[in-house]
Each structure stands twice: as structure tokens, then as C-alpha cells.
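Try each task before reading its solution.

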Amino acid sequence: MLTDSMRERVWAVAGSYYPEHDWAHGRSHIERVVGIALKIGKQEGADLDVIELAAILHDVFENKETHSNIEGFRHEIEGAKEARKILKRLGVADKTIDAVCHCIESHRKRTSTEPQTIEAKCLFDADKLDCIGAIGVIRCAFVSFDHGQEFYREEKDIESYKRNNIRPDGTIIDFSKHSSNLEYELSLSHVAGRMHTKTGKKLARERTDYMNEFFKKLGGEMKGTLWNL
Ligand SMILES: [Fe+2]
Ligand SMILES: [Fe+2]
């Protein structure tokens, strides 16, 4: 069990990396992921200290990746290195640090590093659960706004869009051409199939159903459908 003092010390450092106003990757996202990851971890019999430390630190460099335009900068890789430094300074045991860093390196869905440990799987699933369902819709809208995108963009030839704007690893080339419904169609609607834990799979199904329904309705309404007329 993480002591209150260690939790406070980690948050005191981590908090400065997370903007308060960022709905998608700011402090509120981190707090939700910590809560979900610990609940999944309890069900799965995982090491909760590793999960909590990893969840608190997993997106320390997300903002830097999104807003700095450093070519090739990946927040899961650089973030794991930063987390190692932070935890080392706080005197956390090397074995725990290694386990935490693996969770951070493998938490992203657009990555080649698959989660190998149960703790990494719990963090991956918790982070993805926060991309879907009602909160997923809100976060999609925020990201579209943050990148100056349309929230909804009708794309007639989705295969050609993929070829032209999505890299083989799933990352987006030109954010201004992307939109929330394209993110949903190309990525978020497939998240449930990427879950690793039994608990995560169950939770993802319900959130995916909600999101499917939302984007189905939104698509209709954007085309002028009046459901009850
Ligand atoms: Fe992330
Ligand atoms: Fe995250």
C-alpha cells in the first residue's frame, strides 16, 4: 500500500506536468485513470502500488508531445524516462521503478510496446476506458477544439483518408484534417477489442455501446435527420 506521504510527494511533482484546464490529458484525466486502474487492479490481483505510481505519471509528457512539435517525440517513451528520474529522486526501489516504467512505455494504443505485466495491462485498460463512453465523447470534443478541428467531418473515402493522414503506427499526420467522428471511427470504436484484462473488457463493452449510439445519432443529426418527426 502506497503511504499517504509517498502519494503526496509523487502528486506534488506530477501535478506540475498536468494542466488544470486540459480535459483530455490534464489532472482530471489522471485522477480518473488512477481510480479506474486501481479498481481493475484489485479485481485482477495486481500490485496496486505499481499501478498507482504508473497511473499518476503515465502522461507527464503528453502535453509536450501535443504542443511542442518535436519530430519523433513520443510521450510514452520520454515520459517513462522522466518518471524514472522522478521516482529515483523520491527514493522508490529500483524494482518498483522498472515495473512502473514498463507500464508507462506500454500504455499507449498507438505504440509497438505491448503491456507484458498485469499492472501494465491494468493501466492500459484504464487509460483506454477514459477514451470511450460519455467521457470519451467529451474528451474527443476537447481534443478537436484544442487542435482547431471540426468536431464532425463527413469523409466519403475513409480508406484514402487513412492512407493520406494516418501513419502505419496509427499516429495522425495533419491534425487539422482530423475530427472527433474520424477519431471515433478509426480508433475509438476499436478500443474495446484491444482490452487486456477480463474486467477491462467487460467495462469497455458498455462504454462502447454508449459511444456507438452517440456517433450514430450525431451522424444522422448532422445530415438533418429529425428522429421523431
Ligand atoms: Fe498517454
Ligand atoms: Fe492517459
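**Exercise 1.** What is the handedness of the crossing of helix 5 and helix 6? Work out their relative direction and list the residues that meet.

*Solution.* Keep in mind that the model is a predicted one.

- Start with the geometry: the two helices pack at an angle of about 155°, and their axes are 8 Å apart.
- Angles over 145 degrees count as roughly antiparallel, so helix 5 is roughly antiparallel to helix 6.
- As for handedness, helix 5 and helix 6 cross in a right-handed way.
- On the helix 5 side, the contact is made by Glu76, Ile77, Gly79, Ala80, Ala83, Arg84, Leu87 and Lys88. Helix 6 supplies Ile97, Val100, Cys101, Ile104 and Glu105.
- Sorted by class, the residues of this contact are 8 nonpolar, 1 polar and 4 charged.

**Exercise 2.** At what angle do helix 2 and helix 3 pack? Describe their contact in the same way.

*Solution.* 

- The angle is about 160°, with 9 Å between the axes.
- Helix 2 and helix 3 are therefore roughly antiparallel.
- Their crossing is right-handed.
- From helix 2 come Ile30, Val33, Val34, Ala37, Leu38, Gly41 and Lys42, and they meet Leu48, Ile51, Glu52, Ala55 and Ile56 of helix 3.
- The class count here is 9 nonpolar, 1 polar and 2 charged.

**Exercise 3.** Are helix 8 and helix 11 parallel, antiparallel, perpendicular or oblique to each other?

*Solution.* 

- Take the angle first: about 50°, with the axes 7 Å apart.
- Roughly parallel would need an angle under 35 degrees, and roughly perpendicular one of 65 to 115. Helix 8 and helix 11 are therefore oblique to each other.
- Next, find the residues: Gly133, Ala134, Gly136 and Val137 of helix 8 meet Arg207, Tyr210, Met211 and Phe214 of helix 11.
- This contact has 5 nonpolar, 2 polar and 1 charged residues.

**Exercise 4.** How many residues does the largest nonpolar core have, and which helix gives the most to it?

*Solution.* 

- The core has 49 residues, and Ala37, Ala54, Leu57, Val100 and Leu123 have the most contacts inside it.
- Among the elements that give two or more residues to this core are helix 1 (4-14), helix 7 (118-129) and helix 11 (198-222).
- Helix 3 gives the most, with 7 residues.
- For a closer look, pick Ala54: beyond its neighbours within four places in sequence, Ala54 is in contact with Val100, Cys103, Ile104, Glu119 and Leu123.

Terms used. Residues are numbered from 1 along each chain as its sequence is written. Chains are lettered from A and ligands numbered from 1 in the order in which they are written. This is a predicted model: local features need pLDDT of at least 70, side-chain atom pairs count only at pLDDT 80 or more; totals for chains, interfaces and linings use all residues. A nonpolar core is a set of buried Ala, Val, Leu, Ile, Met, Phe, Trp, Tyr and Cys residues joined through C-beta atoms within 7 Å. A residue is buried if 20 or more other C-beta atoms lie within 10 Å of its own, exposed if 12 or fewer, and partly exposed in between; C-beta atoms are placed from the backbone. Helices (H or I, at least four residues) and strands (E, at least two) are DSSP runs, numbered from the N terminus. Two residues are in contact if their C-beta atoms, placed from the backbone, lie within 7 Å. Axes are lines fitted to C-alpha atoms, for helices over the stretch in contact, and angles run from 0 to 180 degrees between N-to-C directions. A crossing is left-handed if the near helix is turned anticlockwise from the far one by less than a right angle, and right-handed if clockwise. Ala, Val, Leu, Ile, Met, Phe, Trp, Tyr, Cys and Pro count as nonpolar, Asp, Glu, Lys and Arg as charged, and the others, Gly among them, as polar.
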